[in-house]
Amino acid sequence: MPMTRLPSEIRPVLDSGTPAVMVTCSADGKPNTTVISQVYYVDETHAALSFQFFSKTIKNVRENPRAFVCVFEIAGQAHWALQLEFERSETEGPVFDAMDMQIEAIASMTGMSGIFKLRAADIYRVVSVERVQHQAWTSPTA
Amino acid sequence: MDFIACDILIPGKLIRFLEQYANVAYAGIRDRDLVPFGHRVSGWRVGADQRSITILFPDEFLPRLLESLQHNRELALTVEEFPSHETYQFKGHYLRHRGIEDGDFDIADRLRRRWVKSIRPIFADAPEDVLKGFVSPPSLAVDFEVLEIYLQTPGPGAGTRLVPPMER
């Protein structure tokens, strides 16, 4: 069942640095899917996403604030499906500073130093969150 | 802006990328209220016409997926090669769907093996089954016509439309 608050079990998944996927939708109804490097836990009802480039994603959430994020829990063979709504953008403060530091670490680990640069921390309200266990293979190729 | 489907061909370089190198993909849709939703992908195959892609979906949220696709046909597919991060997004329209056939499991299994090979250096001690569990067995095949292709490899060029080419 979907929850409306981020449970404590999701924190290590968000902190793992595993890339996530974000889906947004333009005002004229075209979905956009992109890989994002960071989903930051702000509090039980808010998450922050990094704004690094002036992208279609950024344009979409300014037109249509709803967003979907999928965070992968590789060891648990599961993922978390988050429905979010964009609230505001922060360019300074504790959330921005923490994300900036994390993003530099992720860039360095993934060979993206000099490419990843945080422009803003976009703060989203959590609309719903759900953990989805991946189905096991039962076919002969399992 | 709508594009005429017959003008769009997936370039050979991208077909090779899709069939030989890419190892993870994710699909995006939206509902009648413009609420976006994402779906994991178990595999894909480029159509013989080079204008369409068949996406294999696992058994997750399938009623919502089909309802949205049949309502507005809008579909976006991001495909990445990890760990190089070479990434492309294919946007287009839902054509049809069908149940899974024998060959679809082989496609998903090939993707699973490619994925495990790519991620093994990062999860050196993880059991094979855990890493394989990232790619689920397919339950539904959806054909969609590709109308636009975008570069999404991280960097300043991300978001550039490759097909049809952007006007200069």
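1. Helices (H or I, at least four residues) and strands (E, at least two) are DSSP runs, numbered from the N terminus. With that in hand, strand β4 (residues 52-57) of chain B runs antiparallel to β7(B), and 6 bridges join the two. Within that pairing, S52(B) has E145(B) in β7(B) as its bridge partner.

2. A word on what you're looking at. This is a predicted model, in which local features need pLDDT of at least 70 and side-chain atom pairs count only at pLDDT 80 or more, while totals for chains, interfaces and linings use all residues. Residues are numbered from 1 along each chain as its sequence is written, and chains are lettered from A and ligands numbered from 1 in the order in which they are written.

3. Staying with β7(B), I'd look at its other pairings next. β6(B) is joined to β7(B) by 10 bridges, again antiparallel, and H97(B) stands opposite V142(B) there. β8(B) pairs with β7(B) too, in the antiparallel sense over 2 bridges; the partner of I149(B) in β8(B) is V163(B). How much of strand β7 of chain B is buried? The count is 9 of the 12 residues in 140-151, so the strand is largely enclosed by the rest of the structure. Buried here means that 20 or more other C-beta atoms lie within 10 Å of a residue's own; exposed means 12 or fewer, partly exposed is in between, and the C-beta atoms are placed from the backbone.

4. Now the sheet in chain A. It is an open one of 7 strands with antiparallel pairing, in the order β2-β1-β5-β6-β7-β4-β3. β2 and β3 of chain A are the edge strands, each pairing on one side only. From one strand to the next the twist averages 35 degrees (axes are lines fitted to C-alpha atoms, for helices over the stretch in contact, and angles run from 0 to 180 degrees between N-to-C directions).

5. Contact, here and below, means that the C-beta atoms of two residues, placed from the backbone, lie within 7 Å.

6. F96(A), M99(A) and I103(A) are buried in α3(A). They cover an arc of only 65 degrees around the axis, which puts them on the same side of the helix (the arc is that of the directions from the helix axis to the C-beta atoms). The buried residues of α3(A) pack against β3 (39-43), β4 (46-51), β6 and β7 (120-133) of chain A.

7. What sits on the face of α3(A) turned away from its buried side? The exposed residues there are P94(A), M101(A), A105(A), S108(A) and M109(A). M109(A) counts as exposed because it has 11 C-beta neighbours inside 10 Å. M109(A) and G17(A) are 92 residues apart in sequence, yet 9.7 Å apart in space, C-alpha to C-alpha.

8. On to the interface: 31 residues of chain A are in contact with 37 residues of chain B. On the side of chain A that touches chain B, β1 (20-25), β2 (31-36) and β5 (66-73) of chain A each supply at least two residues, and β2(A) gives the most, with 5 residues. That side divides into 15 nonpolar, 13 polar and 3 charged residues.

9. Last, some backbone details to check by eye. A cis peptide bond joins F82(B) and P83(B), with omega about 10 degrees; P83(B) lies in the loop between β5 (74-81) and β6 (86-98) of chain B. Another cis bond joins V163(B) and P164(B), with omega about -10 degrees. Q77(A) is not a glycine but has a positive phi of about 50 degrees, and L34(B), also not a glycine, has one of about 65 degrees. Q77(A) is partly exposed, with 18 C-beta neighbours inside 10 Å, whereas L34(B) is buried, with 20.

Technical notes: Nonpolar A, V, L, I, M, F, W, Y, C, P; charged D, E, K, R; others polar. Pairing = 2+ DSSP bridges.
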